[in-house]
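Okay, everyone, thanks for coming.

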Amino acid sequence: MKPAELKKLKSILQKPKKMVIITHWSPDGDAIGSSLGFYNYLIQKKHSVTVITPNDSPAFLDWMAGSKRIVDFSKDTAKSTKILNAAEVIWCLDFNSLKRIDKMGPLVEASEAIKVMIDHHPQPDDFADFNHHSVKACSTCELIYSLIEMLGDKKKIDKKIAECLYTGIMTDTGSFRYSSTTADTHRTVAALIDAGADNGEIHSRVYNDSSEDRLKLIGYSLSQKMVVLKEYNTGYISLTQDEQTRFNYKKGDTEGLVNYILSIRGMKFAAFMTERDGIVKMSFRSNGKFDVNAFARTHFGGGGHVNAAGGFSNDPIAEVIRTFQTLVPEYSKQLTNPK
Ligand SMILES: [Mn+2]
């Protein structure tokens with residue numbers, strides 16, 4: 001953000017305002033962490049703030065300060081619309097295209113509120129008045145931290161804010177192991193621990209929250225449903241709606257499942273396909289240079305980052321699998337490159 005823009009933003013924040021924080025469809029740790037971290041900062045500054053999500057948030061994040069006050073647009077549409085229409089400032093966190101917020105998109109587009117986009121995904125759309133955007137940031141939480149710092153309010157980062165931001169950084173970096181993790185990330189995280197975030201405790205709250213059913217579903221997926229295309233260093237898992245029902249699937253139960261595939265030696269590309277409400281949702285992950293953002297954008301109407309992206313298809317799951325199987329050999333050169 002340019003100094004002149006930062007100055008303007010500072011003056012906007014000076015007097016209490018009606019503000020709304022929104023984040024992307026199917027919010028993850030970074031979406032909720034950045035939203036609630038920033039929420040706890042803005043209420044300290046005496047603003048009236050509501051966090052609105054397009055749909056519900058996963059239960060493993062419900063311990064964060066302010067989590068009970070999140071309004072779910074899909075459940076409380078009338079209430080959310082009213083709050084959104086009254087907003088003077090709308091903060092758009094962890095997404096950069098209004099397509100990512102589903103039915104809230106047209107409302108945000110039509111709103112006369114000042115819009116600020118804070119995000120780290122590639123290829124941002126131009127819909128906001130202010131942008132704090134960097135693809136080099138490991139997470140939106142890291143950008144929230146740097147923004148608070150730029151606003152001269154680093155001292156306002158208390159335990160609540162620190163816990164939220166720590167969570168988003170931890171989840172978006174795969175616990176500090178993805179290539180997006182930098183020395184700056186670790187410096188930020190060190191400051192958050194100093195500010196009161198208990199790293200061991202947070203890790204446990206987020207990752208030791210499984211049900212017995214979830215572990216059985218993971219076991220089934222890996223032993224019965226994983227297909228490895230060795231010649232292309234690629235693997236995938238697919239789950240039908242029936243299979244999910246058999247294991248009492250709950251939101252978040254397949255979170256991280258795709259990463260197991262990448263832990264096979266030499267694996268470069270992993271996909272997870274799941275049938276839900278007549279749509280096939282897909283997660284793509286890669287090790288190294290194979291660009292799953294490009295893959296998801298080109299073939300499955302999605303996008304994300306180089307090493308992590310998502311997409312979807314309206315075709316039946318069996319057909320999506322066939323499509324995927326025919327696409328993979330087209331990338332043979334990249335997938336068999338030793339780098
Ligand atoms: Mn993120």
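**Sheets, helices and domains**

Let's start with strand 2 (residues 48–53), which is joined to strand 3 by two bridges, the two running parallel. Quick caveat: this is a predicted model, with local features needing pLDDT of at least 70 and side-chain atom pairs counting only at pLDDT 80 or more, while totals for chains, interfaces and linings use all residues. Residues are numbered from 1 along each chain as its sequence is written.

On terms: strands (E, at least two residues) and helices (H or I, at least four) are DSSP runs numbered from the N terminus, and two strands pair if DSSP finds at least two bridges between them.

Back to that strand pair: Ile52 sits opposite Val71 in strand 3. The whole open sheet has six strands in the order 3-2-1-4-5-6, with parallel pairing. Its edge strands, each pairing on one side only, are strand 3 (71–72) and strand 6 (130–133). Helix 3 (residues 77–86) lies across strand 1 (18–23), strand 2 and strand 3, at about 130 degrees to strand 2. Angles here run from 0 to 180 degrees between N-to-C directions, with axes fitted to C-alpha atoms, for helices over the stretch in contact; contact means C-beta atoms, placed from the backbone, within 7 Å.

Now, how do helix 2 and helix 6 cross? The axes of helix 2 (residues 29–44) and helix 6 (residues 159–172) come within 8 Å, crossing at roughly 160 degrees. So helix 2 is roughly antiparallel to helix 6, the cut-off being over 145 degrees. Residues making the contact include Gly33 and Gly37 of helix 2 and Cys164 and Gly168 of helix 6.

Strand 11 runs antiparallel to strand 12 (residues 308–313), with two bridges joining them, and Gly303 stands opposite Gly310 in strand 12.

The assignment gives domain 1 (3–207) and domain 2 (215–336), the bounds coming from an automatic or database assignment. Their C-alpha centres lie 28 Å apart, and eight residues of domain 1 are in contact with six of domain 2.

Terms used: Angles under 35 degrees count as roughly parallel, over 145 as roughly antiparallel, 65 to 115 as roughly perpendicular and the rest as oblique. Two residues are in contact if their C-beta atoms, placed from the backbone, lie within 7 Å.
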